[in-house]
Amino acid sequence: MAAQVLSERDLAFMLYELFDAESLTARQRYADHSRETFDAAIATGKAVALKHFLPIRQKVDTNEPTFDGEKVHLLPEIKPALEAVVEAGLAAPSTDYETGGMQLPLIVTNAAQAHLSAVASTTLGYISLTHANANLIEAHGSDEQIDTWVRPMREGRFMGTMAMTEPGAGSGLADLTTTAARESDGSYRLSGNKIFISGGDHELSENIVHLVLARVKGAPKGVKGISLFIVPKFLLNEDGTIGERNDVALAGLFHKMGGRGHTSTALSFGEKGGATAYLVGEENKGLMYMFHMMNEARIMVGTGAALTALTGYQYALDYARERPQGRLLANKDPESPPIPIIEHADVRRMLLAQKAYAEGAYALCLYGSQLADDEKTAETKEARTKAHTLLDFLTPIIKTWPSEYGPQANNLAIQVMGGHGYINEHPVEMFYRDNRLNPIHEGTTGIQSLDLLGRKVPMNNFAGYRAMLAEMHGTVEQAKGSELSLFAEQLQAALSELQETTNIVLAATAEKDLDLVFSNSVSYLEMFGHIVIAWIWLRQGMAADAGLQANPHKQDEQFYRGKLQAMQYFFHSELPKIYHWSKLVRDIDSTSFEMKPDWF
Amino acid sequence: MKVLVAVKRVVDYNVKVRPKADGSDVDIANVKMSINPFCEIAVEEAVRLKEKGVASEIVVVSMGPKQCQEQIRTALALGADRGIHVETDAELQPLAVAKCLNALVAKESPELVIMGKQSIDGDNNQTGQMLGALSGLPQGTFASEVNVADGKVAVTREVDGGLQTVSLSLPAIVTTDLRLNEPRYAKLPDIMKAKRKPVENVSPEDLGVDVAPRTKTLKVEPPAQRQAGIKVSDVSELVEKLKNEAKVI
């Protein structure tokens, strides 16, 4: 039997035993729901993934999009597959009933889309970016803009992009040069070049709604002079029908290492005098609005990375159970049959590492979805504020940790399979290539580490930082009297180390060169990320322990034992790494800072 | 035209089932349950008939414990209009199910009854035929194609020698084979709409049916494990083993 895409038992464990998603039905917005409707939505997500995307997964990878100078050509099977997602109601299940949604809680939405994301992470990007785009316009656009652009995007008629990066301004957005000139009718004429625009051109939809960052003529330098514009591929007639082509041209496609389901484009705006553009909100506040979409996209990136890791793990696990090779060291009899490679302890080590990385990462992303829900629908204002504070703080970790350790899990999936993992008869090498983008886009790991240490930690008098520490300390206290007290103590010691390190490094910013102090910010992010994942594993361990106490069925008992073993793996093999990272940070290790470009 | 569709709650086809330790039955504690795959095909066929304008109402019926409502609602999400749940915790054997269905056929007067040819748990392949005998309605079993026209239904049956097409006067009973259609999945908004569709609850007693089992399960055990093969040294050893161990010559 072929490997399963994801473990449904694990999905159910995370949703119902770890995060108690059923309790959400007590909220008015979700009153019509029950575990039955949640499970039905998840079943449909799986069915669409297996029917429409799994059969074309490799084809999408081996047939990258082409550009003939006029149009983009995609694998023809992509369009009907995406249409099936929209028709099944899986594009935006969390939206209101009135707009065709299912009012599904975000944590359940995440699970319902999990199989799709695991099988078609990048192809699905057309749809997920469209809805993130629509969510931004809904939050910051005018009523007219919502009516004009959001509705057709929700219906699947239009698709959306986010256009930020320029040839000379990627991570350094402050230097972007695309400009917009105000016209007498209130619209703008926009011109400039954008690159790495995912889904920037295709024939999948009637229209494409670009959200473009640009500078209004005369705006201040730096990020304070950036505004946000809606720039459609086709202008609309008075009656809303598709009109003439806007001054947006496809300059070319990029050939990517992976992620071939989603075009990456170079777009030229205003080559014929200026693209018609509509300002979102107020001038010079564009970056703030764009963060609405970027924060959402960052959680999407983490989730995609985690799911690609999970599906690679499932594939390698299945292979390791089936593939006979070698004998145990103690067995010297060449006549005895070779054993499945999973019988070798080192293969189990690599599978355990994948399990610890992937299931830790996905649990963190589901926690992020839960917070995103709580900040809107929790009963009390206090609970909503707390969720907002936690999510805002955790965003760089939710984006980065899965993105860094997801590819590492895929790397180990290849290693488990040896030479068979390195060839395209099996998908694990593709998973690795697909996943390798994730530490890069939506803010690189370096950028995220500066965001965490420089902004998120000290922000609002350490509100997010403190709230997160309090959450983790709370779990430590709960676990202390239990079977898992040794793990609780390890986490507590790690939390003390984190607090000390944070105090030392932030105090140093007052005295030393900022670039020196922050030169180990990635180590700080690594340390914080590992502690958060240890915390989420302790929570999984507690849920598994509770499951074991309830006299479970044999298969469930094995499942819970596996959870506890993966938690132990993380605490024994991964968590101690934080002491190495913390030393670099608190010693203000100057090795990288002092290295001169000429010494290379 | 009213169509009555029967659906059975069974262990999901992906689950590897095991007998209970005491050998009394299959262990279904905590395992995933779904609509029997053949019944799913029956629901799909009814929904397609409705989409073609042939059927006007689809009534879905399931029998068994309270949780059977899940399978009824799944069918409602796929396109059935209303449900009937014959609720009982008793063990239901094909004859009891056929009797209940017969009572419902008398009550609802459907022109077409569509059901799976068998369920993947019992593998009996009896209920449709029994219902045919009890109700006196014509039956087309193992259907791989169904066409309704002019008060008749043409059912193409998968039989050993190939395909056989029978023409039945309505009302009639059709049991589905695997190749009849490919069932759809429920669209998310339809899952919520299904919750607002009516489901009537009745008991076997309400239908005047005694569901007491007529056959008794003596023991449930897993199939014998296959023994590993061995190498024989020569032909005479092979012949000796075939004679005395395998006892095939």
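How far apart do the end C-alpha atoms of residues 284–450 of chain A lie, and what percentage of the span is helix? To find out, select that stretch in this predicted model: the end C-alpha atoms lie 23 Å apart, and the span is 75% helix and 0% strand. In UniProt, an unreviewed entry lists these residues, 284–450 of chain A, as "domain: Acyl-CoA dehydrogenase/oxidase C-terminal".

Staying in chain A, select residues 162–268, where the UniProt record, again an unreviewed entry, places "domain: Acyl-CoA oxidase/dehydrogenase middle". Here the chain is 0% helix and 48% strand, while the end C-alpha atoms of residues 162–268 are 14 Å apart.

Now move to chain B and look for its open sheet, in which nine strands follow the order 9-8-7-10-6-1-4-5-11 with mixed pairing. Colour strand 9 (162–169) and strand 11 (199–202) of chain B, which stand at the edges; each has a single partner strand, so one side of each is left without a neighbour in the sheet. As you step through the sheet, the twist averages 30° from one strand to the next.

Next, select strand 1 (residues 2–6) and strand 6 (residues 112–116) of chain B, which pair in the parallel sense over three bridges. In general, the strands of a sheet pair through backbone hydrogen bonds, in either a parallel or an antiparallel way. Within this pair, show B:Leu4, which stands opposite B:Val113 in strand 6 of chain B.

Notes. Residues numbered from 1 in each chain as written. Chains lettered and ligands numbered in written order. Predicted model: local features only at pLDDT ≥ 70, side-chain atom pairs only at ≥ 80, totals over all residues. Heavy atoms only, no water. UniProt positions renumbered as here; feature names shortened; annotations may be inferred. Helix = DSSP H or I, 4+ residues; strand = E, 2+ residues; numbered from the N terminus. Pairing = 2+ DSSP bridges. Axes fitted to C-alpha atoms, helices over the stretch in contact; angles between N-to-C directions.
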